[in-house]
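These notes are meant for someone opening this structure without having seen it before. Please read them with the sequence and the model side by side.

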Amino acid sequence: MKARYESILSGDAMNGANDGRPGQPPGSSEDEAPQADGEAEAAGLEARPKPKPIYVLEGNTLKTRLTRDVGIHYPFVGAGMAFVSLPPLVVAVSEAGGLGMLGTAPEPPGVLEARLKAIQAGTQRPYGVDFIVDKLEPHGFTTRDHVDTCIAAKVPVVVFHWTLPPREWIQALQAAGTRVWVQAGTEDLARQALDAGAQGLIAQGRQAGGRNLGSTPTLALVKAFRKLTDAVPVLAAGGIADGFSAARALHHGADGVWVGTRLVASVEAYAHPLYKQRLVDGDAGDTAMTTLFGPEWPGKRMRVIRNRVVREWAGRESSVPPTSESEAIGTTRLFPGVLDVRYVMPKFSSFLPTPDTQGDLEEMSLPAGGASMSRIDTVQPAGQIVVEMMERARRLLESPEGLDEEDEDDRG
Ligand SMILES: Cc1cc2nc3c(=O)[nH]c(=O)nc-3n(C[C@H](O)[C@H](O)[C@H](O)COP(=O)(O)O)c2cc1C
């Protein structure tokens, strides 16, 4: 009976945190104990510590600590994407065996509550909520009321991005049984997150689409985070859009993948059809990092498709005129299905085009990663994306030759 196939990392191996066992508490001695090599002992040779497996292929499943920790079938997490990851996408990803993640932006807590009810009506499986935290913003998008809404709804996982939330928020969520993860683009932020009690890290590489503070390529950042900790799962974010990129991320030490751009090009994503098509047509090198967009939230660096407005203003981002002097570029609808607020998009609006948006997409912010776009051929149902990506990754990991090289395309 060969029900179990373990892939062993060699050399400076990832330290084996995601070895398929249930999560160990930080600092657990079991995590540190070397495993005796039974065969060597039987042969009378000195037992040497054996490198720990980074993932476990059991029968026809692919397990990591992430899948055990959260209770999901695949080590796949949908990125929390404001405007795009609404309940239909979250439910589709979770029902397919991944972890769907609600994206939030400026919605009031009441809208969040309605979204959580919609998710809970659609799936019994685990899901998460992603928040952007910006301490510099006196009236930030994310407030304690949002956190309390998650606590009341018993949300399984909450993710914070950009900066860290107050520690009391993390503690209150954890006391209610919610896992708290942090998406970080730098080792510095990852260190602070661990110090604040984060139970998972998402390594946001420079390739990643959307708001992005990172300058390190995804796999290198995964390895750097792995060196910081073996106590919590580390997910790879940026350029993961097919089975090969997912398998390679796991092979290089990630406990799971955090997938954004690929899921924007899904049937359930709440994105404008022409924007989805741009992701199918786009390639590596077709995006740019820019601070151009955001009268609503200025000065924030984003990776977006290099469309006309990005090309026109390249190098002149700091001379963007204030909102009051700028013209409108279109209209959209905020909080669709709940409050339905009509919104006139100012030039340089950071709000991406949804099915409700009217206007010229060449003038709009189109968050995306080029490394991911190079791996997208078609718009598909999200469940199919999850299953195909993970099944292909599992097959590749069964004989991982070809995954060793770290030649990731970090052009974005
Ligand atoms: C359209 C879009 C919107 C995004 N919005 C958010 C967001 O609201 N919050 C967040 O934490 N990250 C957001 N991100 C970044 C993702 O969390 C993630 O880092 C990125 O998508 C990973 O790279 P990939 O796009 O190549 O998969 C967004 C990304 C995209 C493409």
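How many helices and strands does the chain have? The chain has 15 helices and 17 strands. Helices (H or I, at least four residues) and strands (E, at least two) are DSSP runs, numbered from the N terminus.

1. Basis of the notes. This is a predicted model, in which local features need pLDDT of at least 70 and side-chain atom pairs count only at pLDDT 80 or more, while totals for chains, interfaces and linings use all residues. Residues are numbered from 1 along each chain as its sequence is written.

2. Of the 412 residues in the chain, buried residues make up 50%. A residue is buried if 20 or more other C-beta atoms lie within 10 Å of its own, exposed if 12 or fewer, and partly exposed in between, with C-beta atoms placed from the backbone. Two residues are in contact if their C-beta atoms, placed in that way, lie within 7 Å. Among contacts between residues at least 6 apart in sequence, 66% join residues at least 24 apart.

3. The nonpolar core. The largest nonpolar core has 108 residues, and Leu201, Ala203, Leu235, Ala236 and Val257 touch the most other members. Such a core is a set of buried Ala, Val, Leu, Ile, Met, Phe, Trp, Tyr and Cys residues joined through C-beta atoms within 7 Å. Helix 15 (residues 382-398) gives the largest share of this core, seven residues. At least three residues of the core come from each of domain 1 (61-269 + 377-398) and domain 2 (273-371). The domain bounds come from an automatic or database domain assignment. In soluble globular proteins, nonpolar side chains tend to be buried together.

4. Leucine 235. With neighbours within four places in sequence left aside, leucine 235 is in contact with Val77, Gly200, Ile202, Ala203, Ala254, Asp255, Gly256, Val257 and Trp258.

5. The ligand. Which residues come nearest to the ligand? They are His161, Gly209, Gly210, Gly260 and Gly369, out of 31 residues around the ligand. A residue is near a molecule or strand if its C-beta atom, placed from the backbone, lies within 6 Å of it. The shell around the ligand divides into 15 nonpolar, 14 polar and two charged residues. Here Ala, Val, Leu, Ile, Met, Phe, Trp, Tyr, Cys and Pro count as nonpolar, Asp, Glu, Lys and Arg as charged, and the others, Gly among them, as polar. Strand 6 (127-133), strand 10, helix 11 (261-264) and helix 14 (370-373) each supply at least two residues of the shell. Because domain 1 and domain 2 both give residues to this shell, the ligand lies between them.

6. The sheet that includes strand 10. Three strands form an open sheet in the order 10-14-13, with antiparallel pairing. Strand 10 (210-211) and strand 13 (287-290) each have a single partner strand, so one side of each is left without a neighbour in the sheet. Two strands pair if DSSP finds at least two bridges between them. Strand 10 pairs with strand 14 (residues 302-305) over two bridges, and glycine 210 stands opposite arginine 303 there.

7. Two bridges join strand 15 (residues 328-334) to strand 17, and glycine 330 has glycine 359 as its bridge partner.

8. Strands 5 and 6. Strand 5 (residues 100-103) pairs with strand 6 in the parallel sense over four bridges; methionine 101 stands opposite glycine 128. Six of the seven residues of strand 6 are buried. Phenylalanine 131 lies in strand 6 and is buried, with 25 other C-beta atoms within 10 Å. Not counting residues up to four places away in sequence, phenylalanine 131 touches Thr104, Thr142, His146, Val158 and Phe160. Glycine 103, in strand 5, is buried, with 24 other C-beta atoms within 10 Å.

9. Arginine 65. The C-alpha atoms of arginine 65 and proline 233 are separated by 6.6 Å, although the two are 168 residues apart along the chain.
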